[in-house]
Amino acid sequence: MRLLSNFLILLLTLASYSVSAAELVSLKTRGDVTQKFILIKPDNPTASVILFSGGAGTLKLSSVFGTPSLGAGTTNFLVRSRGLFADKGLMVAVVDAPSDKQKMKGMFKGFRSSEEHVTDIDAVIAYLKQQADIPVWLVGTSRGTESATHITINSAQQVSGLVLTSSMSKRNKGGKSVVMMDLAKITQPTLIATHENDGCANTPPEGAELIKDKLVNASSAEVIIFQGGRETGDSCKGLSYHGFLGIEDKVVDKIYDFIAAN
């Protein structure tokens, strides 16, 4: 019964999001390794956002009659909200795990903080800049905040800003926490968003301020604490306060406002 309820909630959520005009892009990045991502390119975009989902990061992207298809990760906050970003006039890239990290463990246990991950995403950034010479922002949620932070610190490309939602702020076995990284190297404007009722052990609301305190050289650093929404299951999964269920539009609005202001 709960599975059916969650499925219906997801359908209603996705129904209001514009995910048309999306395409699947596949780039060769490291030898035979490919990096796939969903690209949504609105007319005259003002900035680009690369969205990093949580967990293992494996979306199992494919193409069905020219339309991108997700084999996993559909309930993730950023994945299901991709159309909301595009509706704001942002060019959107929803990245999958690379082809050599498509098995069960995906990007857990170190890959998100690796040199190889930076190489893969730098290729995505370069591709987006070829599409439009506009700022590129990295946006991560949950475990995806490890990716977004690490790449902002180490990218050879020009990253214009960083957004972290439901950030990994506690030491854990799945990878590095954001507060373990050298955040003093980040000079870009950074937004940290959290939900006051986030019950996931590795992403407590108070972690947002810990991250901000370490962003001593960021041109701007802001914490936003959200309220409201609902939770239907696992407090570390997407259909929860951790995943901003029911307030996706409000969160995306605030992210867009921060990008536009910076």
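Two strands count as paired here if DSSP finds at least two bridges between them, and strands themselves are DSSP runs (E, at least two residues), just as helices are runs of H or I with at least four residues, all numbered from the N terminus. The model is a predicted one, so local features need pLDDT of at least 70 and side-chain atom pairs count only at pLDDT 80 or more, while totals for chains, interfaces and linings use all residues. Residues are numbered from 1 along each chain as its sequence is written, and side-chain values use heavy atoms, with hydrogens and water left out.

Eight strands make up an open sheet with mixed pairing, in the order β1-β2-β6-β3-β7-β8-β9-β10. The edges belong to β1 (22–30) and β10 (221–226); each has a single partner strand, so one side of each is left without a neighbour in the sheet. On average, neighbouring strands are turned by 20 degrees against each other, direction ignored. At the β10 end, β9 pairs with β10 in the parallel sense over six bridges, and Thr-190 has Ala-221 in β10 as its bridge partner.

Next comes the helix on the sheet. Helix α4 (residues 115–131) lies across β1, β2 (33–40), β3 (47–52), β6 (90–95) and β7 (136–141), and runs at about 130 degrees to β1. Such angles run from 0 to 180 degrees between N-to-C directions, with axes fitted to C-alpha atoms, for helices over the stretch in contact; contact means heavy atoms within 4.5 Å.

As for the interior, a nonpolar core is a set of buried Ala, Val, Leu, Ile, Met, Phe, Trp, Tyr and Cys residues joined through side-chain atoms within 4.5 Å. The largest one has 36 residues, and Phe-37, Ile-50, Val-124 and Leu-138 have the most contacts inside it. Helix α4 gives the most to this core, with six residues. Apart from it lies another core of 31 residues, among them Val-49 and Phe-244.

Then there is the disulfide (a pair of cysteine sulfur atoms within 2.5 Å). The count comes to one: Cys-200 and Cys-236, with sulfur atoms 2.0 Å apart. The pair links the loop between β9 and α6 to the loop between β10 and α7 (248–261), 36 residues apart. The S-S torsion is about 100 degrees, so the disulfide is right-handed. Cys-200 is buried at 7% relative accessibility, whereas Cys-236 is partly exposed at 32%; buried means under 20% relative accessible area, exposed over 50%, and partly exposed in between (1.4 Å probe, protein chains only).
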